[in-house]
Amino acid sequence: MPNPPVPPTGVSVLVLNGPNLNLLGLREPEVYGKDTLAGIDELCRSTAAAHGLRADCRQSNHEGVLVDAIHEARTAHRGIVINPAGYSHTSVAVRDALAAVELPVVEVHLSNIHRREAFRHHSHVSAVADSVICGAGAHGYALAVTHLAKLLEENR
Ligand code: DQA
């Protein structure tokens, strides 16, 4: 019998998803898989709970809303898992917000961005992320939350 998840403590992490990820399950399933964002959020919450953490899962299609959520995380959360989606490749503002809040950051992409079009090969966020996970599909989020928990444990 697997161990039951450790009850979440007051320590929380932000799981932030960028544009078009609200359409997961419907959107190019051959690239992004069949999991919905609701399913991925649940995976993040249960993975976080197994490490005694609470995951606050948010998604926005708007760059400024993502920047605001990152700023709020400075006082509300201990770390960030982010899939900046299309903004990975374009947004200096999201990159700068992550640098400003000085929290541990794990960047995640469902697809292997390095095996795709050239414009996806560079992410502005990667330079300010502690770790980058890509190409593992929805499982990448479980890996990202698990790794963030390890970073938090090490920095305690
Ligand atoms: C993505 C990859 C990005 O290039 C793309 O714009 C996305 C999703 C991924 O999870 O694989 O929207 O971040």
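With 156 residues, a compact globule would have a radius of gyration near 15 Å, and this protein agrees, at 15 Å. Keep in mind that the model is predicted. Along the principal axes, its C-alpha atoms fill a box of roughly 40 × 35 × 25 Å.

**Fold and packing**
- You will find 5 helices and 5 strands here, and from the N terminus on they run β-α-α-β-α-β-α-β-β-α.
- Of the 156 residues, 47% count as buried.
- Take the contacts between residues at least 6 apart in sequence: 77% of them join residues at least 24 apart.

**Helices H3 and H4**
- Helix H3 (residues 63–76) and helix H4 (residues 92–101) have axes that come within 9 Å and cross at roughly 5°. That angle is under 35 degrees, so H3 is roughly parallel to H4.
- On the H3 side, the contact involves Glu 63, Val 67, Ile 70, His 71 and Arg 74; they meet Ala 93, Val 94, Ala 97, Leu 98 and Val 101 of H4.

**Cysteines**
- The structure holds 0 disulfides.
- Cys 44 is in no disulfide, and the nearest cysteine sulfur, that of Cys 57, lies 5.0 Å away; a disulfide would need the sulfur atoms within 2.5 Å.
- Cys 44 counts as buried because its relative accessibility is 0%.
- For Cys 134, the closest cysteine sulfur is that of Cys 44, at 16 Å, which is too far for a bond.
- Cys 134 is partly exposed, with a relative accessible area of 26%.

Notes:
Residues are numbered from 1 along each chain as its sequence is written. This is a predicted model: local features need pLDDT of at least 70, side-chain atom pairs count only at pLDDT 80 or more; totals for chains, interfaces and linings use all residues. Side-chain values use heavy atoms; hydrogens and water are left out. Axes are lines fitted to C-alpha atoms, for helices over the stretch in contact, and angles run from 0 to 180 degrees between N-to-C directions. Helices (H or I, at least four residues) and strands (E, at least two) are DSSP runs, numbered from the N terminus. Angles under 35 degrees count as roughly parallel, over 145 as roughly antiparallel, 65 to 115 as roughly perpendicular and the rest as oblique. Contact means heavy atoms within 4.5 Å. Buried means under 20% relative accessible area, exposed over 50%, partly exposed in between (1.4 Å probe, protein chains only). The radius of gyration is taken over C-alpha atoms; the globule rule is 2.2 Å times the number of residues to the power 0.38.
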